[in-house]
Structure formats: structure tokens, C-alpha cells
Amino acid sequence: MTLPWILLFLPLAVAVLNQLVLKKTGLAPIISTASAVATFVIALMILGQSGTAAFKWATIGDFSIEIGFKLDQLSTGMMIVVTGVGMLVHIFSLAYMKDDSAKARYFTGLSLFMFSMTGIVLANNFIMTFMFWELVGLSSYLLIGHWYQKDSAADAAKKAFLCNRVGDFGFMIGILMLWGITGHLAFDEMKGGLEAFQAANPAIFSGVLSAAVLCIFCGAIGKSAQLPLHVWLPDAMEGPTPVSALIHAATMVAAGVYMLFRLQFTLGFEHFEGLPASTVIAWTGGITALVAALMATQQDDIKRVLAYSTLSQLGYMVMAVGLVHGEAGMFHLFTHAWFKALLFLGSGAVIYACHHEQDIWKMGGLFKKMPITGFTFLIGFLALIAVPGTSGFFSKEQILEAAHEKEPILFWIAVIVAILTPFYMTRLFVVAFLGKTKSENADHAHEVGPLMFVPLVLLAVLGLVAGYPFIASKYAPAYHSHSFQLGPITYISIAAVIIGLIAGFVLYSGKEKDPLNIPLFRNRFYVDGFYDNFIVRYFQDAFAAIVSFFDELIINGLIVNGLSRAAESTGNQFRKIQSGSLQGYAFVFGIGVVLVIYFTVFHS
Amino acid sequence: MLALLVFLPIAAFIAILLGAPARLTAISASAMNLVLGLYAAFTWQCGCWSFSLPVLEKPALHLAFGFPDGVSVIMVLLSVIVTLAAVLSGKAPEGREKLYYGSSLLISGGALGAFAATDLFFFYAFHELALVPTFLMIGMLGRGDRRQAAWKITIYLGLGSIILLAGLVWLSNLTGTFNIQTMISNKALVPAESQNGIAALLIVGFGTLVSLFPFHSWAAPAYASAPAPVAMLHAGVLKKFGLYGILRLAIPLVPEGLHFWLTPLLVLLLGNVLWVGFVTISQKRLDTMLGNSSVMHMGYIFLAIAALIAFPGNTLALPAAVVLMFAHGISIALLFGLADRIERNTGSLDFTDLGGLAKAAPGLAFIFGIAAMASIGLPGLANFSGEVLVFLSSFKSYNGTAGLGPVQITCILSIWGVVISAVYMLRAYRNVFQGPSVKSTETAADLTCVERIPALLLVLALFAVGLCPNLLLSLLKQVL
């Protein structure tokens, strides 16, 4: 069982090596990419194995916190996603970042991310999950802020870290509560503890478990960018585009879904059926899916459209977990990882070719100029909108079925999202890839090199086939064989795609500027403004200023200054008699103290 | 042997007064002490470290040092590590080398004496000995409004010390000895009716020295004004004396008294974490921000102490407190040392004058980033090890059946401090290092190789305890 340890620690070793030794040699990108390839090979080798091993990180008496791994179908399947997308993004980055002066730092960040993400996936206990959860937050911070001299990038990095921290506040409390309830931190032992607690306290069981689960869900809200902590993800697009593909579409943001599913899997799905917390999770996911899709319809930045689409799709997954059909959510996580990484890398290729132009209204006609990118992007587009035959179709079908079975209102919300998704994606595709070029940058665009298009082609193939049972049953985490049947749900879902597609085409074909202008959607429901202005400026900063004022005025001003003024005037009196400097005072103070001790202690 | 550790810095101080080259003497004495301290960490149980010299016959008073348990060993380690980093990274003003390095050594010697003393009188006296040069350095070599800051810390800590002294005298009268070990074995002599009073004196006295809310307002201006080595040594090492005292004396001797004051203590520590946390957010300068942040983080250590008071069988609480004391000492010393660098290289610590420093000084930015991340509790660095154990220790007695108790509720509220410290630390990092370069940072110098040594020493300690907290925890086995 040394392979999982190598899988975990190789990227860390590479990150350290890059930072300490290779920073100035130009070897860092190659070493990082080689390690990404190696981890993918290892992930393939351990696929489907089971087992666990750990060492003690901290020991106090009979209590210990472990660092270890737990291999099962869920974690090894997830590792395929992480290392697979990771490897392709590393290769793509070799070309995308080749002119960047700080590419060693960039690849170090990627390796650090691979280490942290692997830790979350393999973790065998909740404290370890939390530790790597935080480290993922750090690597995301570093990579979003890669171009830290840009104010917008530095602010976005900070925002991402803080939103995650707010979620982790709840996460930590949830872990502590669950530790109290079950008496264990390791996944393998939690279920027994929970059931003992249930037997002893049947009346409060569901309330206490709900409270703990909701606290833990806060962590997922932060990391998977669900409402109301979603604001950091669109801003995170300030990072280099391959980072957006790896971290902010395929892997890190899916960690919340993975963690929730791991929680249900660990504690037993039966405890989550009908639990109030599950309802909250399902609705949070459903509402996020809808609101984010509405926001996506009015974004002009190609990456922001994709970012809101990611939010929306994550909402689908979270909803499925809340409906206690996490296997559907995990399946969608698996297919989405490939085609969304494809779309992001495709947009990266477009941005690269258009000299860092990101506004879709300044592109146009790219399908002809960049046929490979255009064609692969088309495949990603079809998979995302769930055209029958693509991978996205199969996984979304399962989510719709789950919603239909459990909660009709959520089912119809999911259907509306299924109309909106083809609508905004058609808008993106028609405006950016078809029609006439709309700017000089787009005129000069030409196809990218093989280091960039080979990953695109591979991802496109996966985006097409990853949903078929012959792939999914082998590689997808927690895959349930699921006999696919034509039925009313399929027809509704196909109708939704057609409606969205036609609406998008009719409205946007041949247009030079956006015929729709819905300020509410364009301004993201004013949530960002509310946070920046109200919460941060008026609430937090003003509150801090008020607290600081009182600290200064009362505690410092009246009490302390009063005392020190009194003392100083006494000191001034003394100064006239004595040496006249602070130095003298200090020594007198010292001697005085010793004398006081002497007289009180020894002459009493 | 232990006497050597304590008197080496003091001897070096005397040598400097007599004309030895100040910086060289200070560095070599501190380096030797670091070696001794590390050696002590491996061999502290052998008994060869004890030292006792009778001073008075009646009442029996010994100048005695020893390692009663691993807590002292860890505090001694913290002291020797920070001392070397402090004298290495400081730079004395022209012509004041004697005062500058001599005082730093004296603070170090005083702190070591207090942590190693097994006799109450010297426990107290060595701490006082360390305070005198602290006041002096702030008053004579400080920056900004140094007189005001010096007065404030002098008055405040002077008063705190006197209150503390009253409590200690009361204790030693009841137990009839100055020997701390004997005091603890005579703890039955501390009657229940005196416990509350003594506990109050000790909480206020030690609390003031640790900047427990609302006795905290001396700290930020004093650290902002203090020369770098003093800020590093006081915030990093000497401040831990109060916490050490509570663990060493108050917890074993007046447990019921402390329990009586548990609720007020919980409120006060929330004052540290939340109130001072918000005060920290509103700071506009790096030095006062760091000063306030160090006050804020004391709240977490008090949380572990509260968990220990609430459930005496809590085996996690003491190790949690000690690990966090060590971690905080190292990280705050690193931050103050680097802040001093930033000021020397750019001429300012005001957030509005700074920005984009990472471009000109990537090495400084990298190390400061590690220190900042340590301070906000990133896993892999020492502070996280301490904080996660503190949180776990306060939930040790929670089992879901009875609902959340006051300690758990305080813990939940103070976990919000994790968000607060991320807010101010990342804001500071954003304002100082990120964004476009400005005039003061365009041509600022980076750390040279030699200048990196003290910082790397501290970084190494942060990583060691962060990656392997058992390094410290194994020293604490005997306490349990």
C-alpha cells in the first residue's frame, strides 16, 4: 500500500522542490507536469481498490488525530477525475503560460493544489478533510492571485479565501458536533457511534444530527460556491484560465459535493431520508441552480458565463445530494468535470488567440478561424446542455429523475434550468464563434498549437462518452448501474433543450449587441453589491470602527490614560527630585518592586 | 546546567556593559543558548538540569531551577529560539548598541529564569527583571509616541504585577513555602473560602500581563512603538509568562476558585477574540494591527484554559494551550521581525503608503506570507495544530445528549475569530504586498541571504510543529 502515499505526497514534494530549488531553472513546469502524469497513472493503478492506512499526526494519551487514506470505489473514482483533469490542465498550461515570467510559481501552485485536493479525496477522517480543505483554499488563493499586481486579481483572491473561511466556520463547528455525537473522527467508526447515539437519544436524534449536518454543509456552501456564498467564484475568473478549468470548474468546487456525499455514505443514507437538513440542502442547490442560470444569461465575459454555468451545475449536484440521491450528483460531477474543463480550456484557447480579449461581443467568427477549438467547444457545449447521446444527458437525466421522485417543485425548477442552460450557451456560442468577427483581435485569431489542442480533443472525447455505462461503471465514483428508459422525463428534458436552443438562436443569431437587457440578471441580483457595500463596508468595517472607537475612548482613554496621566504627574513630581529620565524611573521601578517584595514577603 | 542557560544571557549582558562588542556577544550567547535549549529538550528528564542554591535560611529560599514538566521545557525552547532570531534581526541605532543588545539579552535571561524557576520568589522576580529593560527600550529607543507608550505599559504591567504579587503572597502564606512543588503538594492548605479571592487576583494579575480583555490596551501601542527585538521578545516570549503562571500555579492550587470565575473568564476571552478582533480589523498600520492581533489570539489560549477549568479531567486542554503558546510566540515574533524589515526597506508601515511590495521584494513577501498564513491558522503551520486542539478540547465533554454548555458556546463564537483574523491578515497582505507598486515600494530592497537567517529559523519552527505536533506533544506526556 505505498502507492496511495506516493499519490498523496508526490505533488507536495514537487511543489517544495520547485519552490526551493528549481524556481530559477525553468524546469519547474516540466517537473510539475511529469508529476501530474505520474499521479494519473497511479490513480489508474489503484482504481477500485479498497483499504485504509494512517499514521498519527498528533497524539495525546489515547486520543489521536490521523493522517491517512481510505480507498474505496468513491475515493479512487474521484481520484481519476482529479488527476485526469489535472494532467490535461498541466499540459495545456505548458503552452498557455509559456510567456509568463512567473510560471515556476504558477506550476508550484498547481502542484500544491494537486496535493491538497488528493488529501481531501483520500482522507480517512474529518480533521484531515478539514486540513486539506484549508490547503485547497490556500492554493486557490495563490492561483487566483497569480497576477497579484492587478488590483482585481488580488481582490478576487482575497474574496475567495474569505468566502471559504466563512463556510469553514460552520464546517469546523459541524465537525466538532459530529465528534461529540459519534465519539469518533475516523470515517470508519462514525456510523457505529451515530447509531449508539440514536439508540440512546431517539427523541432528539434527528434535531441534533440536522444541526451538525447543516453546520458541515456550510463548508460545502463555501467551497462549492452555493448561495449565499457564491460571489467568489465568478471573481475567481481573474486567475489564469487553465486554473479556472481545473480548480473552479472540475475539482475544487466539486469538493463540497464530494464531502457531503462522503458524509452521507459514512453515516448511512438511511439517516438522511426525511432529515430536515437534507431538505435545506436540496433547496439550496435547486435555488442556486436557478439563480445562477438566470445570471448567466446576461454576462458578456466568456469566462463569467461559464462560471455562472458552473454555479448552476453545482447547484444540480448539491440538490441531488440533498434529495439523498447523491449517486446521481456524483455521476453529474464526473461527466461535468470533463466537459466543463473542456469548455474552460476552450475559452482559454480563444482568449489566448484573441490577445486576452474576453468579451464575447468582441469575438465572432471564431469557428472558421479556429476549427479544432471551435469543434471541441461545440462538443462541450452540446454535453453541457445535455443533448441526447452526450455524457451530460445521462447524468442530468438521473438528477431530474431523482427530483421527480422526491420533490415536484424542485423537479420543475430543474426543468427551467434545463431550458436556461441551452439558452445562455447558445448565446455564447452564436455570438463568439459564429457570424462575423467583431473586433481586430478576433480578426487576427488563429488556431492554437498541439500542446493546447490535444487536451481539448481528449476532453471532447470524454465529454461525449463518459456517460455511457462502459466508461462510467468503471471510472465514475459511486456509479449506480441505472437502466435508462425513455419516458415522460426524457421527453420533458429533450423539449427543454430544444426550447432553449431555438430561443437562443432566434434571439442572438447575427446580432451585433445584446438585444436583451435585464439589469437584475446583469447585476447578479445585486448580491455582490450588497455584500461589498452593506456587509463589508457598513456592517463589518463600520462595526469594527465603532468597536475600535469605544476601545480607544473608554478602555484606553478614560481608564488607562487616566491612570497613566495620574502616574505621569506623580512621575513629574518625582522627576524634579530625582534623576529626571525615564531610564532612572525604570530602574527605580525595578528596585522598588524588589524592595516591595522583600518587605511584604520576608518581614511579615 | 539550567543555571547556565539562565545566566548566560545575563553574563553576556554584563560583558556588553563592560565593553565587549555588543552584537557579536549577543549573537554568540544566544546561539549557545539555542544549542543548550535544544539539548535540554532531549535530556530534560535526566535530573542533571536541576540547580539549587540556598539564599536564605528563614524563610527557606533557594535560587532553584528545574524542569518540573514538559511545559517549562517548551517555554524554554520558545525563549531560546525567539531570542536568537530577535538579536539577529534587530539593528541598533547608531551608538546605542550596548543598550539595544544588552537589554534584549536581559529580557531573554529574565524570561528563561521565570520559566525555569522552581521557586516562587524567583519565578516572580525574574519576570520583573525582564520588564525593566522592556520599558527602557520602548521609552528610549521606541518610535512614534514612545513616551506615552512606555508610560502606559509601565503603569499597566506594574499594576498587574502588584495585583499578581498579592495573590502569590497570599498563596505562599497559606501553603507555608516558596517551593512551587511543595506548594502544590500542600494544596489542601488552601481553604475553600480563600480560593475565590486568590483566583480573582491571579486572573487579573496574570491576565493583565497576557493582555486579557479589558486589560489589553497597553499592548498594541507598546508593540508598535517598541524596537523590533523587544516587540519580538515581549509578544513572543515574555507575555507567555502570565499563561504559564496560570497553568503552573492557578490551575493546580485554586481549581475551585477558578471554576467560580469561569463565566466571567469566558466573557473576557470572547472580548479578546471578538472585540479586539474587530479593533484589529479597523487598524490602518501594520504595526498596530499586529499588536492587536497578538492580543486577539490570547483569547484562544484562554479558551483552552477555560476548558481545563471546566472539566479538570480534560486531557486535551493543557497540551492545546501549550502548543498554541509556542506557536503564537514564534509566529508573532516572525511577524514583528518582518514588519521591522518592511519599515526599514520602505520607510513606512502605513497601509496607504504601501502596495505591490512583492514585486521588488519577493523573498520578504514569501516569508511574510508564511507568517501571515500561520497566524490565521493554516494547516501545516504550528498555529493550526494549537487551534484545532483548543477547539477539540472545548468539545471534549460534549456528547450531544445534554446540549451545548457555556464552554462549547464560547468555542463556537470564538471560531468566528478564525474568519476575523483572515480578514485583517489578508487585507494587510493585500495592502502591503499586492496590487501595483507605489513610490515607496518600487525600489525597496529584498532580504539578503544573511537577513533571511533569523526568519528562516522561525519558519522552520513553525513548520516543524505544524507538520509534526508530536514533537511538542511528546514532551507533555508526563503531565497527563
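The model is predicted: local features need pLDDT of at least 70, side-chain atom pairs count only at pLDDT 80 or more, and totals for chains, interfaces and linings use all residues. Residues are numbered from 1 along each chain as its sequence is written, while chains are lettered from A and ligands numbered from 1 in the order in which they are written.

**Chain B as a whole**

Chain B contains 22 helices and two strands. Helices (H or I, at least four residues) and strands (E, at least two) are DSSP runs, numbered from the N terminus. The C-alpha atoms of chain B occupy a box of roughly 65 × 60 × 40 Å along the principal axes.

Of the 480 residues in chain B, 67% are buried. A residue is buried if 20 or more other C-beta atoms lie within 10 Å of its own, exposed if 12 or fewer, and partly exposed in between, with C-beta atoms placed from the backbone. Two residues are in contact if their C-beta atoms, placed from the backbone, lie within 7 Å. Among contacts in chain B between residues at least 6 apart in sequence, 81% join residues at least 24 apart.

In H19(B), 21 of the 28 residues are buried. B:Gly435, with a positive phi near 80°, follows H19(B).

B:Leu189 sits in the loop between helix H7 (180-185) and helix H8 (192-209) of chain B. B:Leu189 is partly exposed because 15 other C-beta atoms lie within 10 Å. Apart from neighbours within four places in sequence, B:Leu189 contacts B:Leu174 and B:Thr175.

**The contact between the chains**

In all, 59 residues of chain A are in contact with 62 residues of chain B. On the side of chain A that touches chain B, the elements that each supply at least two residues include strand E1 (51-60), helix H5 (126-144) and helix H24 (527-577). H24(A) gives the most, with 15 residues. By class, this side of chain A has 39 nonpolar, 13 polar and seven charged residues. Ala, Val, Leu, Ile, Met, Phe, Trp, Tyr, Cys and Pro count as nonpolar, Asp, Glu, Lys and Arg as charged, and the others, Gly among them, as polar.

**Backbone features in loops**

| Cis peptide bond | Omega |
|---|---|
| A:Leu227 to A:Pro228 | about 0° |
| B:Phe213 to B:Pro214 | near -5° |

A:Pro228 is in the loop between helix H8 (205-223) and helix H9 (232-235) of chain A. B:Pro214 is in the loop between H8 and helix H9 (219-225) of chain B.

A:Val324 is not a glycine, yet its phi is positive, near 55°. A:Val324 lies between helix H13 (302-322) and helix H14 (326-353) of chain A, in a loop, and is buried, with 20 other C-beta atoms within 10 Å. A:Ala386 also has a positive phi, about 70°, without being a glycine. The loop that holds A:Ala386 runs between helix H16 (371-384) and helix H17 (391-406) of chain A. A:Ala386 is buried, with 27 other C-beta atoms within 10 Å.
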